[in-house]
Amino acid sequence: QVQLVESGGGSVQAGGSLRLSCVASGYTYSSSCMGWFRQAPGKERERIATIYRGGGSTYFADSVKGRFTISQDYAKNTVYLQMNSLKPEDTAMYYCAAAPSASIWHCRATDGAFDSWGQGTQVTVSS
């Protein structure tokens with residue numbers, strides 16, 4: 001069974017940076033699609049970044065493009081979300097998710113392929 005554990009959330013002022021980490025275990029990590037999602041109170045879940053096979057393809061939502069980057073460290077079974085130039089509207093619970101069987105298209109374009117989720121880490125950005 002896939003297990004995902006996020007860390008790195010916290011409180012930061014607008015313009016600041018945070019790096020989220022997600023450690024994965026329980027499956028062939030190197031052949032996966034990994035993603036970061038977020039959900040703010042009263043809002044729908046948003047897929048903000050995905051990475052396919054170590055960076056062969058990445059996706060970023062328009063809301064974070066140019067500010068966030070996603071990367072993987074296979075040796076550590078970890079995927080990262082580097083968040084720069086944070087804004088108050090980035091405040092949300094951030095979740096890591098895995099889609100081990102996703103195609104590159106599904107990794108970039110859909111939420112449905114993600115079948116394993118972490119518990120989430122809170123990010124709060126103050127103005």
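Phe 37 is buried, with a relative accessible area of 0%, where buried stands for under 20% relative accessible area, exposed for over 50% and partly exposed for the range in between, computed with a 1.4 Å probe on protein chains only. The model is predicted, so local features need pLDDT of at least 70 and side-chain atom pairs count only at pLDDT 80 or more, while totals for chains, interfaces and linings use all residues. Residues are numbered from 1 along each chain as its sequence is written, and side-chain values use heavy atoms, with hydrogens and water left out.

**Aromatic residues**

- The structure holds 2 aromatic pairs, a pair being two rings of Phe, Tyr or Trp (its six-membered ring) with centres within 6.5 Å, called stacked when the planes are under 30 degrees apart, edge-to-face when over 60 and tilted for the rest.
- The rings of Phe 37 and Phe 114 have centres 5.0 Å apart and planes at 80°, so this pair is edge-to-face.
- This pair links distant parts of the chain, 77 residues apart, with Phe 37 in strand S4 (residues 33–39) and Phe 114 in the loop between helix H1 (104–109) and strand S10 (116–117); helices (H or I, at least four residues) and strands (E, at least two) are DSSP runs numbered from the N terminus.
- Phe 114 is also buried, with a relative accessible area of 5%, and together Phe 37, Phe 114 and Trp 117 form one aromatic cluster.

- Thr 110 lies in the loop between H1 and S10 and is buried, with a relative accessible area of 19%.
- Leaving aside neighbours within four places in sequence, Thr 110 is in contact (heavy atoms within 4.5 Å) with Arg 47 and Trp 105.
- The side chain of Thr 110 reaches the backbone oxygen of His 106 at 3.2 Å.
- Arg 47 in turn lies over the face of Tyr 59, at 4.5 Å from the ring centre, the criterion being NZ of Lys or CZ of Arg within 6 Å of the ring centre and within 35 degrees of the ring normal.

**The four-stranded sheet**

- An open sheet of 4 strands has the order S1-S3-S8-S7 with antiparallel pairing, two strands being paired if DSSP finds at least two bridges between them.
- The edge strands, each pairing on one side only, are S1 (3–7) and S7 (68–73).
- S7 is joined by 6 bridges to strand S8 (residues 78–83), and the two run antiparallel; the bridge partner of Ile 70 in S8 is Leu 81.

Key
A polar contact is a pair of N or O atoms within 3.5 Å; within protein, one must be able to donate a hydrogen and the other to accept it, and residues adjacent in sequence count only if both atoms are side-chain atoms.
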